[in-house]
Amino acid sequence: MAEVRRERADAARNRRAILRATEELLAGHRPEQISMEQVAAAAGVGKGTVFHRFGNRMGLMLALMQERALDLDEAVRTGPPPLGPGAPPRERLLAFLDAVVAVVARNKSLLAALGHAVTTTPQPPDQAPRGAHPVYRAWHAHLGGLIAEQRPDLDAELLAHVLLGALHSDPVLRLLEQGEGQRLADALRALAIPLLDGPAGSAD
């Protein structure tokens, strides 16, 4: 039993090391420029360990994005306001946009790469192109819910797609690569605030 626990602890430690190494490599490279061999070397594990745990590069990138998205999800569900419960929907939405940009900026082009993978993968006819992406789906649902709560007169589902869609473009990718995440956060706020402060909204 002790040996099994030690093996599980080693596996968990390796997973953390691999994801941390991937995130560090993403600070200076696009996902397509990072090899599984580079990740293994940076993490101090064997190449086979990385392949066995994540399958391929896209599996690794998806695991990293989901890990960071889980952290954000936990903050949204149980963290302090305004990101967590207890704040008005307007404040929560703006805080959430800031938090999403922070995640994307920290991982540079990771979200764009995952978005490309989803949109170029055939989907069932009854699913939206990005609907199969668990990270995107969760973020979209949260944004859409807050928009609907603040502005029930608007098409919350489509507007949530529009706001998140701003993260999937080459100009935005280049902006993040230049370290201008705050500029992106400010731009998203500039788009969101007029929507939130319409006839059914409330200004500062």
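Analyst: Start at Phe 96. Leaving aside residues up to four places away in sequence, Phe 96 touches Leu 72, Val 76, Leu 83, Trp 139, His 142 and Leu 143. Contact here means heavy atoms within 4.5 Å. This is a predicted model, so local features need pLDDT of at least 70 and side-chain atom pairs count only at pLDDT 80 or more, while totals for chains, interfaces and linings use all residues. Numbering runs from 1 along each chain as its sequence is written, and side-chain values use heavy atoms, without hydrogens or water.

Next, the core around this side chain. The largest nonpolar core holds 36 residues. Phe 96 is among those with the most contacts inside it, together with Leu 72, Leu 93, Trp 139, Leu 143 and Leu 184. Two or more residues come from each of helix 4 (57–78), helix 5 (89–106), helix 7 (134–150), helix 8 (156–165), helix 9 (170–177) and helix 10 (181–196). Helix 5 contributes the most, with eleven residues. Apart from this core lies another, of 18 residues, including Ala 40, Ala 43, Val 45 and Phe 54. A nonpolar core is a set of buried Ala, Val, Leu, Ile, Met, Phe, Trp, Tyr and Cys residues joined through side-chain atoms within 4.5 Å. Buried means under 20% relative accessible area, exposed over 50%, partly exposed in between (1.4 Å probe, protein chains only).

Now the partners of helix 5. Take helix 7. The two axes come within 9 Å and cross at roughly 155 degrees. That makes helix 5 roughly antiparallel to helix 7. The crossing is left-handed. On the helix 5 side, the contact uses Pro 89, Arg 90, Arg 92, Leu 93, Phe 96, Leu 97, Val 100, Val 103 and Val 104. Helix 7 answers with Trp 139, His 142, Leu 143, Leu 146, Ile 147, Glu 149 and Gln 150.

Helix 10 is another partner. Its axis and that of helix 5 come within 10 Å and cross at roughly 155 degrees. Helix 5 is therefore roughly antiparallel to helix 10. Here the crossing is right-handed. Arg 90, Leu 93, Leu 94, Ala 95, Leu 97, Asp 98, Val 101 and Ala 105 of helix 5 meet Gly 181, Leu 184, Ala 185, Leu 188, Arg 189, Ala 192, Ile 193 and Leu 196 of helix 10.

The terms are these. Axes are lines fitted to C-alpha atoms, for helices over the stretch in contact, with angles from 0 to 180 degrees between N-to-C directions. Angles under 35 degrees count as roughly parallel, over 145 as roughly antiparallel, 65 to 115 as roughly perpendicular, the rest as oblique. A crossing is left-handed if the near helix is turned anticlockwise from the far one by less than a right angle, right-handed if clockwise.

Helix 10 also packs against helix 9. Their axes are 7 Å apart, at an angle of about 135 degrees. The pair is therefore oblique. Val 172, Leu 175 and Leu 176 of helix 9 meet Gly 181, Arg 183 and Leu 184 of helix 10.

Some single sites follow. Met 61 sits in helix 4. Met 61 counts as buried because its relative accessibility is 1%. Ala 148 belongs to helix 7. At 35% relative accessibility, Ala 148 is partly exposed. Pro 82 lies in the loop between helix 4 and helix 5. A cis peptide bond joins Pro 81 and Pro 82, with omega about 10 degrees. Most peptide bonds are trans.

Finally, the whole protein. It has ten helices and zero strands. Helices (H or I, at least four residues) and strands (E, at least two) are DSSP runs, numbered from the N terminus. Buried residues make up 41% of the 204 residues. Among contacts between residues at least 6 apart in sequence, 64% join residues at least 24 apart.
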